[in-house]
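Q: Can we go through this model together? I'd like the overall make-up, then the details.

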Amino acid sequence: MRRLALAALLAATLAGSAPAQDASGPVPIDVSAVQIERFGAATPVGARYGSLTFLGGLKLISSDPDFGGLSGLRLDADGEGLTTISDRGNWFRGELVYAEGRLAGVIGMKRMATPGRDGRPLPGRRGFDTEGLEIEGRTAWVTTERVNWLTRYALGPDGFPVGAGQAIALPKTAPGIARNGGYESLARSRDGGLILIAQSSKSEDAFPAFVVGGKKPFAFSLARSDDFRPTDLTRLPGGGFVLLERRYQPPFSLSVRMKRIAEKDIAPGAVVDGPVLMEASLAQGIDNFEGIAAHRGADGRTVLTVISDDNFHPLQRTLLMQFALGE
């Protein structure tokens, strides 16, 4: 029954739900967590899955009606401070709690409506479908699906946006992207540019992508295979990237996979691809994973964290899972 409902929901294009109410500043919300002990029946915490090691996870639950629909994700360098955005235009900030090296809970979660380019709260207005997130210091960048916006925000000491968002013009070479198929994947490049990858494409072989800012904007492509579509991108502490992808095949099949992307391969006109680190399906207990972040763990390993978009549907879940990358 749950799989049938999930399939019907995904078939409706993961388009989001009714907009949230406006909020003038960060407000505390309750978020409880249930620990996830296994990644499918055969993979307990500490076991290998593909090229990764499963480190555990959480199912996040909140009575706040605006908690959910989470897509963009970034963690602080220590892996404790969490920032995520919702496709209802909300911004969330909290702290992850660890016990014996694995996720144990979330504390101090707050919610705020993301400001629009005019400073007014985004929810319910043009540009509210925020998806991709990148943060560097006191600056954040956000992509908005549907209208294909890229917006820069100044962040306050609490990690929330301060003032109106500033529009960043996309290059003239950026192709038109279909509704609900925009630039969800966003990450900072080595030279200070921003890498964006679209979810939809007229080509059967590649997804359009480009780099803005940095030394010189340019276009490239992401190789397309096995019906997977990109949902997020994160820069690794040691360089390079990990790409998160999702595949939905009606009526009951949902899969996710991660690929490692070399930074040297991202160049004008290039078609970029990389090795698969892991691929998982509903058999592993996944949900609609749309956000990924990377940080250096206390033991020196690179930790990948993924979060799921529950589409505000009672039969989907907000999951937060972590994996260690074999360097």
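A: Strands here are DSSP runs of E with at least two residues, numbered from the N terminus. One caution is that this is a predicted model.

Q: OK. How many helices and strands does the chain have?
A: The chain has one helix and 24 strands.

Q: Where is Asp226, and what is its phi?
A: Asp226 lies in the loop between strand S16 (218-223) and strand S17 (229-235). Its phi is positive, about 55 degrees, although Asp226 is not a glycine.

Q: And Phe312, where does that one sit?
A: Phe312 is in the loop between strand S23 (302-308) and strand S24 (318-325). Phe312 also has a positive phi, near 55 degrees, in a residue other than glycine.

Q: Is Phe312 buried or exposed?
A: Phe312 counts as buried because its relative accessibility is 19%, and the cut-off for buried is under 20%.

Q: What share of the chain is buried?
A: Buried residues make up 56% of the 327 residues. The chain exposes about 13,200 Å², with carbon and sulfur atoms supplying 52% of that area.

Q: Switching to cores. Which residues have the most contacts inside the largest nonpolar core?
A: Those are Phe39, Met258, Met321 and Phe323, in a core of 25 residues. Among the elements that give two or more residues to this core are strand S4 (52-61), strand S19 (253-261) and strand S22 (289-296). The largest share, four residues, comes from S24.

Q: What is Met321 in contact with, leaving aside its neighbours within four places in sequence?
A: The contacts of Met321 include Ile36, Phe39, Phe54, Leu304 and Val306, with Gly56, Gly57 and Gly285 also on the list.

Q: Which residues are in the second core?
A: That core is separate and has 17 residues, among them Val31, Leu70, Ala293 and Leu320.

Q: Now sheets. What is the strand order in the open sheet of four strands?
A: The order is S9-S10-S11-S12, with antiparallel pairing. Strand S9 (130-136) and strand S12 (161-167) are the edge strands, each pairing on one side only. From one strand to the next, the twist averages 25 degrees.

Q: How many bridges are there between S11 and S12?
A: Strand S11 (residues 149-155) pairs with S12 over four bridges, in the antiparallel sense. In this pairing Arg152 stands opposite Gln166 in S12.

Q: Last one: of the contacts between residues at least 6 apart in sequence, what share joins residues at least 24 apart?
A: That share is 54% in this chain.

Methods:
Residues numbered from 1 in each chain as written. Predicted model: local features only at pLDDT ≥ 70, side-chain atom pairs only at ≥ 80, totals over all residues. Heavy atoms only, no water. Buried < 20%, exposed > 50% of the residue type's maximum accessible area, 1.4 Å probe, protein only. Contact = heavy atoms within 4.5 Å. Areas by Shrake-Rupley, 256 points an atom, 1.4 Å probe, with all protein chains shown as cover. Pairing = 2+ DSSP bridges. Axes fitted to C-alpha atoms, helices over the stretch in contact; angles between N-to-C directions. Core = buried A, V, L, I, M, F, W, Y, C linked by side-chain atoms within 4.5 Å.
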